[in-house]
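Here are a few exercises to work through with the model open in your viewer. Try each task before you read its solution.

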Amino acid sequence: MRIGLITADFYPNVGGVAAHVVELGRALAKLGHSVDVITRPLGEQRQRTSELHGMTVHRPPIPKGKPLFTWLMRTWLKAFLQRESLDVLHIHGLRPLEATVGLDLPVIFTNHTSGFLKRIEKGPAARRKMTRRLAHIAHVLAPSDELVAATRAVDYPGPVDFIPNGVDATRFTPGPTNQRAAWKVAEDEVVVLLARRLVEKNGVVVFADAVTRLQNAARIVFAGDGAERSKVEQILRDGGCLDRCVFLGNVPNPDMPDIYRAADISVLPSFMEATSITGLESMACGLPLVGTRVGGIPTLIRHEETGLLVDSHDPAGLAQGLDRLIADRNLRATMGQAARQRAVTHFAWEHIAAQTVDVYQRYVGDAGNVSCNQLRQAG
């Protein structure tokens with residue numbers, strides 16, 4: 001098939017949606033499909049057309065802000081589809097939804113983000129607006145049961161399926177690293193890693209509070225940046241813990257395997273979450289996880305087997321879970337090995353890409369001449 005992936009968030013950005021689209025596209029290309037990514041100029045990546053991991057990447061000069069994004073992207077898409085023939089167009093993230101209305105091909109939507117949850121929490125009017133935005137979508141995919149339920153809650157009439165995020169288990173592996181020496185961390189010190197954007201929904205303030213409550217000594221590494229950083233630093237400073245913390249800022253994804261390998265524990269203190277990509281990358285690198293019971297995190301963590309589940313918004317409970325792993329090297333090793341095995345068996349990108357192709361195939365081939373509405377009613 002020739003597959004279009006459209007997203008406002010892509011390489012070189014860091015974050016879940018950008019990483020998902022890069023890795024899904026790479027895996028689809030490895031399966032032999034032709035993949036066109038349609039995005040925007042981002043960072044230093046401003047070429048109109050380029051190649052990345054077997055994908056063709058198109059970056060029309062379109063601003064992020066609406067309504068210009070919608071109007072210009074729709075215009076660009078219509079011109080592109082007059083020249084080229086895609087079998088299916090797959091939207092990632094909310095921003096491109098309106099730009100894909102009225103196109104003569106099946107449109108799939110992956111409902112990735114907490115932004116969807118926040119919108120529908122605003123009440124009936126917001127839910128009705130979201131229903132209208134999804135009216136042209138043939139099929140919705142979501143990487144957590146919570147997002148599946150939220151999609152159905154807006155009365156979307158078509159099929160909604162759970163397909164988790166994935167991980168490249170050949171690139172994210174346990175192994176040696178020089179990062180601990182760079183951080184001036186002793187070999188016998190335990191490193192707790194928070195590899196998240198420092199924003200409210202990721203629970204980073206609660207995590208900082210938990211760090212101040214730890215009974216066992218550990219070094220804390222923050223790989224990520226964001227609006228909550230100053231608040232996090234202040235909590236750590238007030239708690240006398242700032243000198244035990246390393247802030248790396250935003251780390252490009254190609255550099256992340258070394259960061260995970262230098263850690264002993266990874267933490268997901270989120271308030272809302274899909275099947276966390278950083279959680280999957282941590283597991284593939286052999287790290288036990290301590291995560292909250294929200295969204296897709298319980299899909300990743302088998303409590304007492306690959307890590308520990310704790311309640312969200314509970315710094316004392318989070319500290320207790322972390323303390324348990326900090327104090328027990330053998331438990332960390334056993335859970336880390338089980339986490340690696342689970343990542344390889346259930347979440348490798350080739351498996352996720354194959355599940356996604358199964359959905360595409362419902363809407364191409366002999367079904368290609370049938371309208372999306374007819375397909376949706378049949379599906």
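**Exercise 1: a strand residue and its surroundings**

Leaving out residues up to four places away in sequence, find what Val35 touches. Then decide: is Val35 buried or exposed?

Solution. Keep in mind that this is a predicted model.
- Step 1: the contacts of Val35, with residues up to four places away not counted, are Ile3, Leu5, Gly25, Leu28, Ala29, Met55 and Thr56.
- Step 2: place Val35 in the fold; it belongs to strand β2, residues 34-38.
- Step 3: the relative accessible area of Val35 is 2%. The cut-off for buried is under 20%, so Val35 is buried.
- Step 4: for a sense of scale, go to Ala126, which is 91 residues from Val35 in sequence and 34 Å from it in space, C-alpha to C-alpha.

**Exercise 2: the core**

Which residues of the largest nonpolar core touch the most other members?

Solution. 
- Step 1: this core has 34 residues, and the ones touching the most other members are Met73, Phe109, Phe116, Leu134 and Ile137.
- Step 2: look at where the core residues come from. At least two each are supplied by α2 (68-83), β5 (88-92), β6 (107-110), α3 (114-120), β7 (139-142) and α5 (145-153). Helix α2 gives the largest share, four residues.
- Step 3: zoom in on Phe109. Beyond its neighbours within four places in sequence, its contacts include His90, Ile91, Leu97, Leu134, Ile137 and Val140.

**Exercise 3: two packed helices**

At what angle do helices α7 and α12 pack?

Solution. 
- Step 1: α7 (residues 204-212) and α12 (residues 315-326) pack at about 60°, and their axes are 8 Å apart. That angle makes α7 oblique to α12.
- Step 2: the crossing of α7 past α12 is right-handed.
- Step 3: pick out the contact residues. Helix α7 brings Val206, Phe207, Asp209 and Ala210, while α12 brings Pro315, Leu318, Ala319 and Leu322.
- Step 4: sort them by class, and you get seven nonpolar, no polar and one charged.

Terms used:
Residues are numbered from 1 along each chain as its sequence is written. This is a predicted model: local features need pLDDT of at least 70, side-chain atom pairs count only at pLDDT 80 or more; totals for chains, interfaces and linings use all residues. Side-chain values use heavy atoms; hydrogens and water are left out. A nonpolar core is a set of buried Ala, Val, Leu, Ile, Met, Phe, Trp, Tyr and Cys residues joined through side-chain atoms within 4.5 Å. Buried means under 20% relative accessible area, exposed over 50%, partly exposed in between (1.4 Å probe, protein chains only). Contact means heavy atoms within 4.5 Å. Axes are lines fitted to C-alpha atoms, for helices over the stretch in contact, and angles run from 0 to 180 degrees between N-to-C directions. Angles under 35 degrees count as roughly parallel, over 145 as roughly antiparallel, 65 to 115 as roughly perpendicular and the rest as oblique. A crossing is left-handed if the near helix is turned anticlockwise from the far one by less than a right angle, and right-handed if clockwise. Ala, Val, Leu, Ile, Met, Phe, Trp, Tyr, Cys and Pro count as nonpolar, Asp, Glu, Lys and Arg as charged, and the others, Gly among them, as polar.
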